[in-house]
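Student: Please give me a close look at one part of this structure. Then set that part against the rest of the chain.

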Amino acid sequence: MEHRFIESTNSPDLFFNALPEDWQEGIVPFWQDYKHTAKIYVLESAGEVLGGGIVFSTVSPDTQPSYYEEAQRWFDQGYLYIGFLWFSEQHRGKQLGSKWLHHLYDLLPDQNFWLAIDDFKLSAFYQRNGFQLIHKLELEESNEWILSMECAPGEELTTGRMQKIFVQA
Ligand SMILES: CC(C)(COP(=O)(O)OP(=O)(O)OC[C@H]1O[C@@H](n2cnc3c(N)ncnc32)[C@H](O)[C@@H]1OP(=O)(O)O)[C@@H](O)C(=O)NCCC(=O)NCCS
(Lines give C-alpha, C1' and ligand atoms only; values in the text may rest on other atoms or scores of the structure.)
Protein backbone atom coordinates (compact mmCIF):
# COMPACT_ATOMS: atom_id res chain seq x y z
CA MET A 1 0.00 0.00 0.00
CA GLU A 2 1.36 3.42 -1.00
CA HIS A 3 1.67 5.62 2.04
CA ARG A 4 3.31 8.83 3.19
CA PHE A 5 4.90 9.57 6.56
CA ILE A 6 4.03 13.13 7.45
CA GLU A 7 4.39 15.41 10.43
CA SER A 8 1.00 16.69 11.55
CA THR A 9 2.00 18.56 14.71
CA ASN A 10 0.38 21.74 13.39
CA SER A 11 -2.76 19.87 12.31
CA PRO A 12 -3.13 17.60 15.34
CA ASP A 13 -6.77 16.78 14.59
CA LEU A 14 -5.63 14.78 11.58
CA PHE A 15 -4.30 12.23 14.07
CA PHE A 16 -6.62 12.85 17.01
CA ASN A 17 -9.79 12.36 14.94
CA ALA A 18 -8.52 8.95 13.87
CA LEU A 19 -8.01 7.81 17.48
CA PRO A 20 -10.60 5.92 19.52
CA GLU A 21 -12.41 8.02 22.09
CA ASP A 22 -10.54 6.72 25.15
CA TRP A 23 -7.20 7.53 23.49
CA GLN A 24 -8.44 11.00 22.53
CA GLU A 25 -9.29 11.60 26.19
CA GLY A 26 -5.70 10.82 27.09
CA ILE A 27 -4.15 13.41 24.83
CA VAL A 28 -6.56 16.01 23.38
CA PRO A 29 -7.21 17.93 26.64
CA PHE A 30 -3.46 18.08 27.32
CA TRP A 31 -2.19 18.88 23.83
CA GLN A 32 -1.98 22.65 24.47
CA ASP A 33 0.77 21.93 27.00
CA TYR A 34 2.70 19.71 24.60
CA LYS A 35 2.32 21.26 21.18
CA HIS A 36 5.67 23.07 21.37
CA THR A 37 7.67 20.14 22.76
CA ALA A 38 6.12 17.09 21.07
CA LYS A 39 5.68 16.12 17.44
CA ILE A 40 2.95 14.10 15.79
CA TYR A 41 3.67 11.89 12.79
CA VAL A 42 1.09 9.98 10.79
CA LEU A 43 1.09 7.49 7.97
CA GLU A 44 -1.51 8.40 5.43
CA SER A 45 -2.67 6.81 2.23
CA ALA A 46 -4.98 8.44 -0.31
CA GLY A 47 -5.98 11.09 2.21
CA GLU A 48 -6.80 8.57 4.96
CA VAL A 49 -4.82 8.56 8.21
CA LEU A 50 -3.93 4.91 8.81
CA GLY A 51 -2.28 5.57 12.14
CA GLY A 52 0.49 7.48 13.80
CA GLY A 53 2.19 8.35 17.01
CA ILE A 54 3.63 11.15 19.11
CA VAL A 55 7.26 11.83 19.96
CA PHE A 56 7.67 13.60 23.28
CA SER A 57 10.68 15.46 24.67
CA THR A 58 9.09 15.94 28.09
CA VAL A 59 7.11 13.70 30.44
CA SER A 60 3.97 12.77 28.55
CA PRO A 61 0.35 12.74 29.74
CA ASP A 62 0.28 8.93 29.66
CA THR A 63 3.17 8.67 32.14
CA GLN A 64 2.04 7.68 35.60
CA PRO A 65 3.29 10.01 38.34
CA SER A 66 4.91 7.04 40.11
CA TYR A 67 7.64 6.90 37.49
CA TYR A 68 8.08 10.57 36.60
CA GLU A 69 11.61 10.44 38.00
CA GLU A 70 12.57 7.54 35.77
CA ALA A 71 10.98 9.33 32.78
CA GLN A 72 12.93 12.47 33.55
CA ARG A 73 16.19 10.49 33.70
CA TRP A 74 15.65 9.28 30.12
CA PHE A 75 14.94 12.80 28.89
CA ASP A 76 17.99 14.11 30.76
CA GLN A 77 20.07 11.58 28.79
CA GLY A 78 18.63 12.89 25.52
CA TYR A 79 16.14 10.12 24.79
CA LEU A 80 12.79 10.96 23.21
CA TYR A 81 9.62 9.15 24.27
CA ILE A 82 7.35 7.46 21.73
CA GLY A 83 3.75 7.49 22.87
CA PHE A 84 0.24 7.00 21.52
CA LEU A 85 1.44 4.75 18.71
CA TRP A 86 -1.79 3.62 17.16
CA PHE A 87 -3.03 2.13 13.89
CA SER A 88 -6.65 1.61 12.96
CA GLU A 89 -7.80 -1.95 13.46
CA GLN A 90 -8.39 -2.71 9.81
CA HIS A 91 -4.80 -1.75 9.00
CA ARG A 92 -3.04 -3.67 11.77
CA GLY A 93 -0.69 -6.55 11.06
CA LYS A 94 0.46 -5.03 7.74
CA GLN A 95 3.75 -3.79 9.20
CA LEU A 96 2.57 -0.20 9.15
CA GLY A 97 3.46 0.25 12.82
CA SER A 98 6.96 -1.03 12.05
CA LYS A 99 7.19 1.26 9.03
CA TRP A 100 6.14 4.24 11.13
CA LEU A 101 8.98 3.49 13.57
CA HIS A 102 11.52 3.11 10.79
CA HIS A 103 10.42 6.32 9.10
CA LEU A 104 11.09 7.97 12.44
CA TYR A 105 14.54 6.37 12.69
CA ASP A 106 15.25 7.60 9.16
CA LEU A 107 14.14 11.10 10.06
CA LEU A 108 16.20 11.21 13.28
CA PRO A 109 19.09 8.81 12.63
CA ASP A 110 21.18 9.91 15.62
CA GLN A 111 18.36 9.86 18.12
CA ASN A 112 17.75 7.41 21.00
CA PHE A 113 14.18 6.60 22.03
CA TRP A 114 12.43 5.07 25.01
CA LEU A 115 8.87 4.01 25.72
CA ALA A 116 6.67 2.25 28.25
CA ILE A 117 4.14 -0.52 27.66
CA ASP A 118 1.51 -1.89 30.02
CA ASP A 119 0.94 -5.04 27.96
CA PHE A 120 4.04 -7.25 27.98
CA LYS A 121 2.92 -8.95 24.75
CA LEU A 122 3.73 -5.74 22.89
CA SER A 123 7.40 -6.10 23.76
CA ALA A 124 7.96 -8.56 20.88
CA PHE A 125 6.71 -5.95 18.40
CA TYR A 126 9.10 -3.31 19.75
CA GLN A 127 12.02 -5.72 20.10
CA ARG A 128 11.60 -6.68 16.46
CA ASN A 129 11.94 -3.01 15.71
CA GLY A 130 15.24 -2.47 17.50
CA PHE A 131 14.10 -1.85 21.08
CA GLN A 132 15.43 -3.72 24.06
CA LEU A 133 13.61 -4.51 27.24
CA ILE A 134 15.17 -2.57 30.12
CA HIS A 135 13.05 -3.49 33.12
CA LYS A 136 9.65 -4.04 34.63
CA LEU A 137 8.09 -1.45 36.91
CA GLU A 138 5.69 -2.87 39.47
CA LEU A 139 3.36 0.01 40.11
CA GLU A 140 0.33 0.16 42.36
CA GLU A 141 -2.06 0.65 39.46
CA SER A 142 -0.47 -1.73 36.95
CA ASN A 143 2.82 -3.09 35.70
CA GLU A 144 4.77 -1.26 33.03
CA TRP A 145 7.78 -2.35 31.03
CA ILE A 146 10.40 0.13 29.91
CA LEU A 147 12.11 -0.33 26.55
CA SER A 148 14.73 1.72 24.79
CA MET A 149 16.33 1.94 21.40
CA GLU A 150 19.84 3.25 20.98
CA CYS A 151 20.92 4.51 17.61
CA ALA A 152 24.28 3.28 16.45
CA PRO A 153 25.96 6.19 14.70
CA GLY A 154 27.89 5.05 11.68
CA GLU A 155 25.90 1.84 11.37
CA GLU A 156 23.27 1.62 8.70
CA LEU A 157 20.55 1.71 11.28
CA THR A 158 17.41 2.27 9.36
CA THR A 159 17.02 0.99 5.85
CA GLY A 160 19.38 -1.93 6.41
CA ARG A 161 17.72 -2.96 9.62
CA MET A 162 14.27 -2.55 8.11
CA GLN A 163 15.17 -4.74 5.13
CA LYS A 164 16.35 -7.46 7.50
CA ILE A 165 13.13 -7.26 9.46
CA PHE A 166 10.92 -7.38 6.40
CA VAL A 167 12.86 -10.19 4.76
CA GLN A 168 12.39 -12.25 7.94
CA ALA A 169 8.69 -11.36 8.26
C1 LIG B 1 0.90 -1.88 18.22
C2 LIG B 1 0.51 -1.42 16.81
C3 LIG B 1 0.81 0.06 16.66
C4 LIG B 1 1.33 -2.21 15.82
O5 LIG B 1 0.98 -1.77 14.52
P6 LIG B 1 0.92 -2.81 13.30
O7 LIG B 1 0.85 -2.03 12.05
O8 LIG B 1 -0.14 -3.82 13.55
O9 LIG B 1 2.35 -3.46 13.48
P10 LIG B 1 3.11 -4.49 12.57
O11 LIG B 1 2.19 -5.04 11.51
O12 LIG B 1 4.36 -3.86 12.15
O13 LIG B 1 3.44 -5.64 13.63
C14 LIG B 1 2.38 -6.33 14.17
C15 LIG B 1 2.90 -7.40 15.10
O16 LIG B 1 2.82 -6.91 16.44
C17 LIG B 1 2.00 -7.79 17.18
N18 LIG B 1 1.19 -7.05 18.16
C19 LIG B 1 0.67 -5.83 18.04
N20 LIG B 1 -0.04 -5.54 19.15
C21 LIG B 1 0.08 -6.60 19.97
C22 LIG B 1 -0.42 -6.89 21.26
N23 LIG B 1 -1.17 -6.05 21.97
N24 LIG B 1 -0.12 -8.10 21.78
C25 LIG B 1 0.63 -9.00 21.10
N26 LIG B 1 1.12 -8.77 19.86
C27 LIG B 1 0.84 -7.58 19.32
C28 LIG B 1 1.10 -8.44 16.15
O29 LIG B 1 0.58 -9.66 16.61
C30 LIG B 1 2.04 -8.63 14.99
O31 LIG B 1 2.86 -9.75 15.18
P32 LIG B 1 3.15 -10.77 13.97
O33 LIG B 1 3.82 -9.94 12.91
O34 LIG B 1 4.03 -11.79 14.58
O35 LIG B 1 1.81 -11.26 13.56
C36 LIG B 1 -0.99 -1.72 16.52
O37 LIG B 1 -1.23 -3.08 16.71
C38 LIG B 1 -1.95 -0.92 17.36
O39 LIG B 1 -2.32 0.19 17.01
N40 LIG B 1 -2.37 -1.49 18.51
C41 LIG B 1 -3.31 -0.82 19.41
C42 LIG B 1 -2.68 0.33 20.10
C43 LIG B 1 -1.44 -0.06 20.90
O44 LIG B 1 -1.43 -1.04 21.64
N45 LIG B 1 -0.37 0.73 20.73
C46 LIG B 1 0.90 0.55 21.38
C47 LIG B 1 0.98 1.43 22.57
S48 LIG B 1 2.53 1.18 23.43
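Tutor: Start with a residue pair: Leu43 stands opposite Gly51 in E3. The model is predicted, so local features need pLDDT of at least 70 and side-chain atom pairs count only at pLDDT 80 or more, while totals for chains, interfaces and linings use all residues. Residue numbers start from 1 along each chain as its sequence is written.

Strands (E, at least two residues) and helices (H or I, at least four) are DSSP runs, numbered from the N terminus; two strands pair if DSSP finds at least two bridges between them. E2 and E3 form a hairpin with two residues between them, and Ala46 in the turn has a positive phi of about 50°. E2 (residues 38-45) also pairs with strand E1 (residues 4-7), again in the antiparallel sense, over four bridges. In that pairing Glu7 is opposite Tyr41 in E2.

In the whole protein chain there are seven helices and seven strands. From the N terminus their order is β-α-α-α-β-β-α-β-α-β-α-β-β-α. Among contacts (C-beta atoms, placed from the backbone, within 7 Å) between residues at least 6 apart in sequence, 67% join residues at least 24 apart. Of the 169 residues, 27% count as buried, that is, with 20 or more other C-beta atoms within 10 Å of their own, where exposed means 12 or fewer and partly exposed lies in between.

In helix H5, the buried residues are Gly97, Lys99, Trp100, Leu101, His102, Leu104 and Tyr105. The 12 residues of H5 (residues 96-107) should span 16 Å at 1.5 Å a residue, and the end C-alpha atoms are 16 Å apart, which agrees; the expected span is 1.5 Å times one less than the number of residues.

The ligand is surrounded by 15 residues, of which Arg92, Gly97, Ser98, Lys121 and Phe125 are the closest; near means a C-beta atom, placed from the backbone, within 6 Å. Strand E4 (80-87) and H5 are the elements that give two or more residues to this shell. The shell has seven nonpolar, four polar and four charged residues, where Ala, Val, Leu, Ile, Met, Phe, Trp, Tyr, Cys and Pro are nonpolar, Asp, Glu, Lys and Arg charged, and the others, Gly among them, polar.

As for confidence, mean pLDDT (the predictor's confidence in each residue, from 0 to 100) is 91, and 90% of residues reach 70 or more. Over residues 156-169 pLDDT stays under 50, and the model has 15 contacts beyond four places in sequence for them.

Conventions
Contact = placed C-beta atoms within 7 Å.
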